[in-house]
Amino acid sequence: ERFYEILKMVDAAYTKYVPITKEDLLLHHKFANASLPNHRNLKKDVNDYFLVINSKPKFLKMASAIDPFETQQFLWVDFGISHVLSNTNVLNSLVRNYDFGNNLTIAGIWNHDVDIDIKNNVCWVFAGGVFGGTKSAVNKFYGACVSQLLDNSSKDFLTWEVNVWYQIYKRNKELFNVYYGSHDDTIITNIP
């Protein structure tokens with residue numbers, strides 16, 4: 001809501017605003033009193049933040065359902081992505097046609113076979129700030145995220161979205177098309 005007045009100046013022909021409340025956050029009611037990671041930024045990594053970042057797949061699914069431009073390819077880009085970029089001009093390369101195939105295309109940083117305490121430590125197998133796919137891939141990913149979050153909820157913990165995605169990846173590698181992209185320009189410049 002704080003940014004709406006600024007953002008509404010963007011060309012409305014290419015922008016569709018969807019108001020989001022806390023009730024719209026993915027499974028918010030399941031995590032009201034969930035345990036949070038032991039190794040986190042205590043000021044930033046709070047329950048509401050985890051709920052927002054874990055809702056990215058829901059937001060992308062919502063965009064694919066609204067589909068104001070009648071497209072088959074959808075791309076999530078974090079609003080604050082520019083803080084990891086050394087050259088913000090790379091953002092211009094986002095405006096193009098994509099062919100993600102049938103899988104979720106996502107930036108990966110670490111080796112895909114790590115042993116980590118998924119509940120308490122951030123897992124940077126996936127960069128998290130950029131991912132996309134067809135409606136079908138977005139819907140499959142959303143469903144997998146809901147299932148994994150419900151499983152985590154039954155174990156009473158809420159963690160970073162990239163950790164949840166890694167949990168999904170370990171059981172469903174076929175859902176993912178991973179390209180190398182880190183928390184720098186490559187998260188955008190390497191999108192296939």
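Where does Asp-45 lie? Asp-45 sits in the loop between α1 (4–7) and α2 (47–53). Helices (H or I, at least four residues) and strands (E, at least two) are DSSP runs, numbered from the N terminus.

## Basis

This is a predicted model: local features need pLDDT of at least 70, side-chain atom pairs count only at pLDDT 80 or more, and totals for chains, interfaces and linings use all residues. Residues are numbered from 1 along each chain as its sequence is written, and side-chain values use heavy atoms, without hydrogens and water.

## Asp-45

Asp-45 is buried, at 4% relative accessible area (buried is under 20%, exposed over 50%, partly exposed in between; 1.4 Å probe, protein chains only). Beyond residues up to four places away in sequence, Asp-45 touches Leu-36, Arg-40, Phe-50 and Trp-160 (contact: heavy atoms within 4.5 Å).

## Salt bridges

There are six salt bridges (a side-chain nitrogen of Lys or Arg within 4 Å of a carboxyl oxygen of Asp or Glu). One joins Asp-45 to Lys-44, at 2.8 Å, N to O. Lys-44 is partly exposed, at 39%.

Asp-48 pairs with Lys-22, with the closest N and O atoms 2.7 Å apart. This pair links distant parts of the chain: Asp-48 is in helix α2, Lys-22 in the loop between α1 and α2, 26 residues apart.

## Nonpolar core

The largest nonpolar core has 37 residues (a core is a set of buried Ala, Val, Leu, Ile, Met, Phe, Trp, Tyr and Cys residues joined through side-chain atoms within 4.5 Å). Its residues with the most contacts inside it include Phe-126, Leu-158 and Trp-165. Helix α4 gives the largest share, seven residues.
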